[in-house]
Each structure stands twice: as C-alpha cells, then as structure tokens.
Amino acid sequence: MLITIIIVAVILAFAWIIYNGLVRAKMRVSEAFSQIDVQLKRRTDLIPNLVETVKGYAKHEKELFEKVTAERANLMSANGANEKAKANDGLSSALKSLLL
C-alpha cells in the first residue's frame, strides 16, 4: 500500500512538473509573438518618416540636376577663354555636389 501511494505521488509530481513546464513554454511563446507585434508596429510607424526623408532628398536631387544642366548649358554657350573657364568651374562645383 505504501509503495502504491509513493508511486502515485511520484506520478502526480511528475505530471505537475510537466504541466508547469508546458504552461511556462506557452507563456514564452505568447511573449515572443507580442514582441514581434511590437517590432512590426514600430516598423510601420517609421514608414512615414522614411517617405518624408525620400521626398526631401528627391527635391534636393532635382535641384542639383537642374543646376548641373544649367552649368552645362553655360559651358556649351561660353565663347571666350575666361568665360569658358568660369563656366567650367561652375560645372565642376555642381558635379562635386552631385558626387557627394
């Protein structure tokens, strides 16, 4: 009789330990998924900032290309050596900005 009680107690203790382990594992999975949700939400919240940054850079890039085009036109229409040198310096300056 005593052996039966000990065996039942051991089985119950083992079942309890396994149950608690499963509950703990379930909670870890739930926490992991909630962390993923938080990171995805954070990522979607940053998209408008990225769009605004790209818009600002696109505006800057457009102005830069217009400047390079205008400086090229100035160089092509320059007649004298001094005028060509000045136009070339302007184009070089615009191209340096483009490369940066």
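Is Asp 45 buried, exposed or partly exposed? Asp 45 is partly exposed, with a relative accessible area of 43%; here buried means under 20% relative accessible area, exposed over 50%, and partly exposed in between, with a 1.4 Å probe and protein chains only. This is a predicted model, where local features need pLDDT of at least 70 and side-chain atom pairs count only at pLDDT 80 or more, while totals for chains, interfaces and linings use all residues. Residues are numbered from 1 along each chain as its sequence is written, and side-chain values use heavy atoms, leaving out hydrogens and water.

**View 1. The whole protein, with its 2 helices and 0 strands.** Helices (H or I, at least four residues) and strands (E, at least two) are DSSP runs, numbered from the N terminus. The C-alpha trace spans about 115 × 20 × 10 Å along its principal axes. The radius of gyration is 36 Å, whereas a compact globule of 100 residues would have one near 13 Å; this radius is taken over C-alpha atoms, and the globule rule is 2.2 Å times the number of residues to the power 0.38. Of the 100 residues, 8% count as buried. The protein exposes about 8,900 Å², and carbon and sulfur atoms supply 67% of that area. Accessible areas come from the Shrake-Rupley method with a 1.4 Å probe, and for residues only the protein chains shown count as cover.

**View 2. A salt bridge between Lys 41 and Asp 45.** Here the two side chains meet at 3.1 Å, N to O. A salt bridge is a side-chain nitrogen of Lys or Arg within 4 Å of a carboxyl oxygen of Asp or Glu. Why can such a pair form? Side chains of opposite charge can pair when their charged atoms come close. Lys 41 and Asp 45 are 4 residues apart in helix α1, so about one helical turn separates them.

**View 3. A salt bridge between Lys 55 and Glu 52.** The closest N and O atoms of this pair are 3.8 Å apart. Because Lys 55 and Glu 52 are 3 residues apart in helix α1, they too are separated by about one helical turn. Lys 55 counts as exposed, at 52% relative accessibility. A search of the whole structure finds 2 salt bridges.

**View 4. A nonpolar surface patch made by Trp 16, Tyr 19, Val 23 and Met 27.** The patch covers about 470 Å². Patches are made of residues with over 30% relative accessible area and no salt bridge, joining like charges within 9 Å and nonpolar side chains (Val, Leu, Ile, Met, Phe, Trp, Tyr) within 5 Å. Trp 16 sits in helix α1, which runs over residues 2-77, and is exposed with a relative accessible area of 58%. Tyr 19 is also found in helix α1 and counts as exposed at 54%.

View 5. Leu 50, in helix α1, is exposed at 54% relative accessibility. From Leu 50 to Ile 11 the C-alpha to C-alpha distance is 58 Å, for 39 residues in sequence. Asn 20 has its place in helix α1 and is partly exposed at 29%. Asn 20 and Leu 91 lie 74 Å apart, C-alpha to C-alpha, and 71 residues apart in sequence.
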